[in-house]
Amino acid sequence: MSTINMQQLKKSYQDTEVIHGINIDIEEGEFIVLVGPSGCGKSTLLRMVAGLESITSGEVKIDDKVVNDLEPKDRGISMVFQNYALYPHMTVYDNMAYGLKLMKMPKDEIDKRVQDVAKLLQIQDYLQRRPSKLSGGQRQRVAMGRAIVRDPKVFLFDEPLSNLDAKLRVQMRMQIKTLQQKLAVTTIYVTHDQVEAMTMADRLVVLNNGIAAQIGTPMEIYDDPKDQFVAGFIGSPAMNFLDCEVCDESIKIGQQSIATPTHVTQRGKIVLGIRPEHFNQSVSDLQGTVQMIEKLGSNVLLYLKMENSEQPVVIQCDGQLDAKIGAVYPFSFNTEKLYFFDTNTQQRIY
Amino acid sequence: MIENRPMATFVSHTVLILGVALIVFPIWVMVVAASHDALRLTQVPLPLLPGNQFWINLKLLFSGKGFSAPIHLTLLNSLAMALMISVGKIVISIISAFAIVYFKFRFRMFFFWMIFLTLMLPVEVRILPTYEVIANFGMLDTYAGLSIPLIASATATFMFRQTFMTIPDELMEASRIDGASPMRFFFDVVIPMSRTNIAALFVILFIFGWNQYLWPLLVTTDPDMYTVVMSIKQMLESGESEPMWHLIMMTALVAMLPPILVVIFMQKIFVKGLTDSEK
Ligand SMILES: Nc1ncnc2c1ncn2[C@@H]1O[C@H](COP(=O)(O)OP(=O)(O)OP(=O)(O)O)[C@@H](O)[C@H]1O
Ligand SMILES: [Mg+2]
């Protein structure tokens, strides 16, 4: 169990800065998920902690010790890569034992550790096979095993599940989480899949263009996003954003309008955000034309077009709903769950 | 392709058989010539069926009677030269390729292009200055003199560079986290993953080394240092007497064997490497 602190961490490649000063304090045994769109710097940040990428400025501390200049092997970390990075010419056993051999650990100790971890991950039967003779999920577990045998202070995962099919991904997701709780090793996990992020994280770090847009527990971030980017990124299906104009009595959305909530005091142009799951169907002060219907089984997603409004509105409805394309569909917002963002700064105001 | 067209099968087989015959016929002539005595080979028509002198001729070669050096000496010289050239080329080029691919040092691209440039300077082009250098080092009539000038190899460096670039970077990073030094990574990961290429290259380079003619001709004056390929030519010019075709053919025949053995032996490793490739 270890703490990790990142202070004003920056990274530049030649002249372009890709990480712009990140501060994160991670507690012992915490499961931190770094999430963000492609190219936002998740891998770069993780690799800076691992020691695979140099640090332009700022500090990384593991257990209160600055590790900026330590080699990866001296930082007490293990890493699981997206493509597993198993040594193709070694057996599963040798893959797991390689790091321990380099530590000059006695043979019987190595054997004991590898066997224990293999049992934990249920890969005992493949120990003598080459990675090429394993399925994706099995390779994934071997890669985990190689990380665990080293008995590290910190686990680092870089999108470890993105090469698996959807069902296996859900399975492995649970396995990794359970395992991490059992071993209680501080973990940083990178993903761009926000469902993975929500389900696994103790705390989430939402990255946007090399900046930590928000740090918090999954529910904090879901309920209380700091800006439009975070609001749109976390939650599935994504939050609807509607350009509207706030007047004294009503908020105008295109030709239609709703009553202005009392706590909204700013007037003028504003961005209204509402999650697809936060609509009312009992009352109806708004309406839209059905453009597309997505049946997901347990529920139905309706894509509505409102008059004079560019953005379609996505509503999550009951699975039994019977709607037709082109029909006019009445709806209203759950006014408790409205978010308001500044048009220019995209910061959340209400 | 599964097709059943007798005509196509017939044509393709004819072409294949013709191709094989074209290559096999001279070898057959060689075998036949090596099994007759000197007299028979001066008479027309030349024999097309083997004679009964094969073992006698072979023994004569190994005794070294009537020639500069017995064949086992020249064979040994050739073997030493070919091995030193092929092993040396592989060792040097694999290390330089490793440096170029995995280390970010100053002037990396400069060195890369310098190596590239040497492609334009094969032995034949730089033969005089090279001779001068070797002579000044006192390496005439030595194995070192025979092989060292031929060892540097841009082609092999390129090939290894290409191979290394197909090894995913993540493997290097994984080994860094496992605590492997660059040289450990080289020996534990890079070399095992390139063994198919090493085997293939060894075959090509061994034959290249074995077939060297011009360079050994220049740097060796002592008959004990002659290579077998040279000695064939030497025998053709053996003064005023008739060339001894039966012995020349026998020498050529024996000289062919080591490269063939290398191909056969390496082929096994090669095919095995290809079939359980796991990159
Ligand atoms: N070696 C490099 N040289 C220059 N720029 C780089 C280099 N590596 C990464 N970058 C840039 O840094 C930024 C962050 O890259 P990074 O790989 O961390 O993204 P990521 O969040 O992991 O994305 P993904 O989800 O696609 O893996 C990108 O804009 C990328 O173009
Ligand atoms: Mg990445």
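Two strands count as paired here if DSSP finds at least two bridges between them, and that is handy to know for the first views of this predicted model.

**View 1. Strands β1 and β4 of chain A run side by side in the antiparallel sense.** Five bridges link β1, residues 4-13, to β4, residues 57-62. To find your place, look for A:K10, which stands opposite A:S57 in β4(A). Helix α1 of chain A, residues 42-50, packs on the sheet here and touches β1, β2 and β4 of chain A. The direction of α1(A) makes about 115° with that of β1(A).

**View 2. Four strands of chain A make an open sheet.** Reading across, the order is β2-β1-β4-β5, and the pairing is antiparallel. At the edges sit β2 (16-26) and β5 (65-66) of chain A, each pairing on one side only.

**View 3. Another open sheet in chain A is built from five strands.** Its order is β13-β12-β11-β14-β20, again with antiparallel pairing. The edge strands are β13 (256-259) and β20 (339-341) of chain A, and each has a pairing on one side only. From one strand to the next, the twist averages 40°.

**View 4. Here we look at how β12 and β13 of chain A pair.** Strand β12 covers residues 250-253 and meets β13(A) over four bridges, in the antiparallel sense.

**View 5. The largest nonpolar core takes in 79 residues.** In soluble globular proteins, nonpolar side chains tend to be buried together. Which residues have the most contacts inside this core? They are A:L45, A:L156, A:I188 and B:F164. Beyond its neighbours within four places in sequence, B:F164 is in contact with B:I94, B:A97, B:F98, B:V101, B:Y102, B:V190 and B:S194. Another core lies apart from the largest one and has 46 residues, including A:V80, A:M144, A:L161 and A:I221.

**View 6. The largest pocket has a volume of about 570 Å³.** Its lining is made of 25 residues, and those nearest its centre are B:K89, B:A152, B:S153, B:A154 and B:T155. Helices α3 (71-102), α7 (154-166) and α10 (195-210) of chain B are the elements that give two or more residues to the lining. Which element gives the most to the lining of this pocket? That is α7(B), with five residues.

Definitions and conventions. Residues are numbered from 1 along each chain as its sequence is written. Chains are lettered from A and ligands numbered from 1 in the order in which they are written. This is a predicted model: local features need pLDDT of at least 70, side-chain atom pairs count only at pLDDT 80 or more; totals for chains, interfaces and linings use all residues. Side-chain values use heavy atoms; hydrogens and water are left out. Axes are lines fitted to C-alpha atoms, for helices over the stretch in contact, and angles run from 0 to 180 degrees between N-to-C directions. Contact means heavy atoms within 4.5 Å. A nonpolar core is a set of buried Ala, Val, Leu, Ile, Met, Phe, Trp, Tyr and Cys residues joined through side-chain atoms within 4.5 Å. Buried means under 20% relative accessible area, exposed over 50%, partly exposed in between (1.4 Å probe, protein chains only). On a 1 Å grid over the protein atoms alone, a cavity is a set of points where a 1.4 Å probe fits but cannot get out, and a pocket is an open set with protein on both sides within 12 Å along at least five of seven lines; lining residues have an atom within 4 Å of a point. Grid points are joined across faces, edges and corners, and a volume is the space filled by probe spheres set on the points.
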